[in-house]
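Please load the model in a viewer and keep the selection panel at hand.

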Amino acid sequence: MNVARRLRILVLSVLVMAVGGAGAWYALEGPAPVKAARSSAPATVPVTVATATKRDLPIYLTGLGSVQASFTVGIRPQVDGKLEAVLFTEGQQVKKGDVLAKIDPRLYKASLDQAKARKMQDEAQLISAQKDLYRSRTLVDKSITTQQSVDQQQAKVDQLIATIDADEAAVETAQAQLDYTSIIAPSDGRMGVRMIDPGNIVHASDSSPIASLTLTKPAAVVFTLSARSLSDVRDALARGPVEVTAFSQDNVRILSKGTLLLIDNFVDQASATMKLKAMFANEDEHLWPGDFVNAKVSLEIRRGVITVPSAAIQRGPDGIFTWVVTPADTVEVRTITSGPTTEGKTIITSGLADGERVVVDGQYKLRPNARVTVNPPPGAAGPAVAKRDRAS
């Protein structure tokens with residue numbers, strides 16, 4: 001009885017071990033084919049895409065330039081003397097003809113009075129000489145004197161007339177010297193920092209001006225562009241006025257809008273650049289003389305062209321190309337021909353159609369016919385996350 005029971009227990013133990021061994025084998029050997037199958041599947045590449053779009057694209061050229069006042073003059077004395085008064089305030093807006101400063105006029109007023117007195121003296125001598133000439137002619141008619149005395153008296157009269165003309169010129173010179181003691185604004189504009197204070201002796205030969213006067217309405221911007229754009233700019237000028245927009249140095253703020261005035265008459269061969277000048281009304285005086293600005297020249301507007309972000313353009317040994325995402329979410333290499341680039345957008349003249357998707361980020365991982373996963377553009381997840389946070 002005990003022997004039979006022991007046999008049954010032994011048989012059951014063998015069966016349990018057999019079943020457990022089979023389960024362990026299945027656990028160890030079964031998943032291997034599944035894992036191998038998964039590893040053989042190709043991995044997708046995450047990319048960011050943009051859509052080729054047909055649109056009107058303005059063509060710009062941008063160059064660095066500086067602002068210049070339309071009128072700049074150093075206020076200098078034209079005669080020597082003591083600077084009696086300065087009648088302007090630094091930074092003041094003045095009008096043409098305003099008196100800016102005064103120089104001691106006494107010496108020049110005395111010179112004017114002296115010139116006038118000399119003229120009056122010569123005029124009195126002329127009157128006397130003319131009377132003597134009349135008497136001489138009367139005596140000649142009566143044969144009392146000779147014609148020679150008449151001719152001599154006529155020469156004396158002519159000499160005094162010439163002397164009076166010289167006296168008149170001396171009076172005008174003295175009057176001009178006296179007028180120069182009042183320094184007048186030659187134009188409208190804004191006064192700068194005063195360099196000389198009242199009480200100092202000033203000279204017409206001084207190298208330092210009393211102050212500077214600048215007219216900033218209108219203002220000019222002188223900037224440079226690559227000489228390769230010379231033909232494009234000249235063609236734009238031939239079509240009509242060319243708009244120029246002045247931006248701040250960080251290219252964020254628009255300072256003013258004006259028109260292109262001219263292209264300089266030569267190209268700088270050392271830098272392969274050309275100099276251009278644009279004029280701006282500058283009514284709000286956002287353009288300040290000497291400041292650096294970025295000048296954007298609007299050449300033309302291309303109508304109905306295919307454009308893609310410039311980041312989608314790739315260069316290879318056979319030229320430029322782009323990665324195009326097919327409807328099956330695979331990529332293919334597409335050879336393209338590009339045109340001008342403006343504000344991060346490049347015109348595609350051939351190789352792409354409106355609505356096709358191109359890769360703008362993640363190109364370095366791509367191979368032809370590779371499967372891709374399209375990532376949302378940067379910032380697209382922000383509103384959804386914010387909405388979910390508000391709901392929670």
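Which residues are linked with E332 and R334 in a network of salt bridges? Select E332, R334 and E356: these residues form that network. The model shown is a predicted one.

**Within the network**

Display the side chains of E332 and R334, which meet in a salt bridge with an N to O distance of 2.7 Å. The two partners fall into separate accessibility classes: E332 is partly exposed at 30% relative accessibility, whereas R334 has 19% and counts as buried, because the class requires a value under 20%.

**From strand β19 to a loop**

Next, select R357 and D329. Their side chains form a salt bridge of 3.2 Å, N to O. R357 belongs to strand β19 (residues 357-361), while D329 sits in the loop between β15 (319-325) and β16 (331-335); the pair therefore ties together parts 28 residues apart in sequence. The relative accessible area is 25% for R357, which is partly exposed, and 28% for D329, which is likewise partly exposed.

Move to D56 and R303. Here the closest N and O atoms of the salt bridge are 3.3 Å apart. D56 is partly exposed, at 38% relative accessibility; R303, by contrast, is exposed, with a relative accessible area of 60%. To survey the remaining charged pairs, note that the count of salt bridges comes to 9.

**The largest nonpolar core**

Now hide the charged side chains and turn to the nonpolar residues. Which residues touch the most other members of the largest nonpolar core? They are L83, F88, L100 and M191, in a core of 23 residues. To view the secondary structure around them, colour β3 (81-86), β5 (99-103), α3 (106-141), α4 (147-179) and β9 (211-226), the elements that each give two or more residues to this core.

Centre the view on F88 and show its contacts. Leaving aside residues up to four places away in sequence, F88 touches L100, M191, G192, R194, I210 and A211.

Methods. Residues are numbered from 1 along each chain as its sequence is written. This is a predicted model: local features need pLDDT of at least 70, side-chain atom pairs count only at pLDDT 80 or more; totals for chains, interfaces and linings use all residues. Side-chain values use heavy atoms; hydrogens and water are left out. A salt bridge is a side-chain nitrogen of Lys or Arg within 4 Å of a carboxyl oxygen of Asp or Glu. Buried means under 20% relative accessible area, exposed over 50%, partly exposed in between (1.4 Å probe, protein chains only). Helices (H or I, at least four residues) and strands (E, at least two) are DSSP runs, numbered from the N terminus. A nonpolar core is a set of buried Ala, Val, Leu, Ile, Met, Phe, Trp, Tyr and Cys residues joined through side-chain atoms within 4.5 Å. Contact means heavy atoms within 4.5 Å.
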